[in-house]
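Please keep the sequence and the model at hand while reading.

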Amino acid sequence: MTDFAKGMAQGLLSKIKDASSGKPMCFMEVCGTHTMSIFRSGIRKLLPREIRLVSGPGCPVCVTPVGEIDQMIELSLLPGVITATFGDILRVPGSTYNLSEARARGAEIKVVYSPADALEIAENNPDKKVVFLGIGFETTAPSVAATILQAHRNKLKNFMVFPSHKLMPPALDALLSDPEIDMDGLICPGHVSTIIGARAFEPVAEKFQMPCVVTGFEPLDILQGICMLAQQVSRGENMVENAYRRAVSWDGNRRARKIIETVFKPADARWRGLGTIARSGLEIRKKFRQLDARRHFGTREKTVPEPKGCQCAQIIKGMALPSSCPMFSSACTPLTPVGPCMVSSEGTCAAYYKYGES
Amino acid sequence: MCLAIPMKVTAIEGDQDDILIPPVATVEARGVTSRIRLDIVDRMPRVGDYVIVHAGFAIHTLAPEDARKSMALLQEMAGQTDDNQPR
Ligand code: SF4
């Protein structure tokens with residue numbers, strides 16, 4: 001940090017202290033990228049003791065249920081299939097093994113940075129079927145939708161998407177409806193909001209009297225978000241505020257949303273830890289059915305129990321800390337992950353492990 | 001998965017209305033250059049604008065002033081004066 005940034009951080013910290021004035025407050029950082037940034041910058045240690053931060057359901061890999069991971073593994077092992085995916089999912093345990101082990105058993109799996117790369121693989125391998133694993137929130141959905149549109153226009157016959165997208169506002173609604181959840185404010189996800197707009201959190205703020213602040217990923221952004229939340233709590237307010245105007249507008253990215261709507265429609269989805277939530281996922285519309293890997297291969301998700309003893313389901317809801325899991329850093333490490341929260345670069349257990357906090 | 005830093009647009013190919021060839025921008029940040037798609041960005045950038053990139057696609061365009069405005073807001077929150085605002 002430059003001296004200038006240090007000065008700003010100090011200023012924000014003293015404002016946070018003033019606003020909380022000793023009153024305990026608990027805020028949830030919904031997004032996994034926030035979790036990582038909070039740890040990397042050591043913000044937890046700088047905050048006044050009465051302010052507690054817990055991580056939420058904003059790690060896309062972590063909220064994908066085991067049954068769906070199994071489905072992806074099953075697909076990857078089919079003859080003539082190339083699976084293209086973001087790298088995070090590879091080592092997430094399925095009920096018997098993970099995608100990385102499926103690769104050792106002969107599955108052809110390619111890690112890509114963008115869904116557009118997956119399309120290119122399809123173009124270069126006309127005799128294979130390329131399945132892209134569509135995992136992510138509202139930020140990823142429009143790029144996947146744009147890729148589906150492109151494949152449709154180019155009449156590509158060997159490209160498909162396995163849709164497993166999740167939507168944030170319905171999940172927050174479900175989470176906060178749980179009477180055991182007791183939160184004073186939400187640090188709302190930055191780039192999800194770039195797409196859906198800060199206004200998307202208004203129903204949650206109103207229904208649960210919950211202060212909500214959309215914020216960016218720099219340490220100062222996060223401190224500013226916490227400061228605005230603490231001030232709202234001390235004033236007894238519950239509004240949606242936007243501390244990330246350089247990337248997020250009130251209405252969000254209409255063009256991206258239109259592309260999502262063209263290709264997908266809302267559908268019920270299952271979340272690890274949260275169960276099935278109405279209209280919290282996206283299904284590919286009939287018009288593009290030939291690009292839907294679920295329909296094409298007719299795979300069905302089986303209900304599979306969570307890994308034995310793993311508390312990811314509780315951690316995703318902010319109801320447990322990794323340290324309360326008996327396997328944390330003994331049986332479960334990034335090299336031998338038991339649950340998804342230890343695998344993903346946005347997972348809470350991975351963050352606690354990497355930055356040595358308990 | 002979110003790249004937090006905005007990337008600077010140095011060149012643009014194609015245009016938004018051509019549905020067959022999606023527009024692409026060359027972008028640069030911290031010495032790394034890459035090519036990113038512009039099909040889903042909220043506003044078509046111009047050379048010199050910044051974009052926020054996710055999974056190879058620009059999702060938001062910001063003019064250079066936008067970034068500075070946000071800095072000013074941070075400063076105000078921290079109760080700092082304006083003297084040493086970075087450019
Ligand atoms: S430490 Fe491992 S087993 Fe325990 S909750 Fe985290 S991921 Fe699951």
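Is the crossing of α6(A) and α7(A) left-handed or right-handed? The crossing of these two helices is right-handed, a crossing being right-handed if the near helix is turned clockwise from the far one by less than a right angle, and left-handed if anticlockwise. This is a predicted model, in which local features need pLDDT of at least 70 and side-chain atom pairs count only at pLDDT 80 or more, while totals for chains, interfaces and linings use all residues. Residues are numbered from 1 along each chain as its sequence is written, chains are lettered from A and ligands numbered from 1 in the order in which they are written, and side-chain values use heavy atoms, with hydrogens and water left out.

**Helix pair in chain A**
- The axes of α6(A) (residues 115-124) and α7(A) (residues 141-153) come within 9 Å and cross at roughly 25 degrees, and the two helices are therefore roughly parallel (angles under 35 degrees).
- Their contact (heavy atoms within 4.5 Å) involves residues including Leu119(A) of α6(A) and Val144(A) of α7(A).

**Sheet in chain A**
- Four strands form an open sheet with parallel pairing, in the order β4-β3-β5-β6, where strands pair if DSSP finds at least two bridges between them.
- β4 and β6 of chain A stand at the edges with a single partner strand each, so one side of each has no neighbour in the sheet.
- β5(A) and β6(A) pair over seven bridges, and Gly136(A) has His165(A) as its bridge partner in β6(A).

**Strands in chain B**
- β1(B) pairs with β2(B) in the antiparallel sense over five bridges, with Glu13(B) opposite Val24(B).

Terms used:
Axes fitted to C-alpha atoms, helices over the stretch in contact; angles between N-to-C directions. Parallel < 35°, antiparallel > 145°, perpendicular 65-115°, else oblique.
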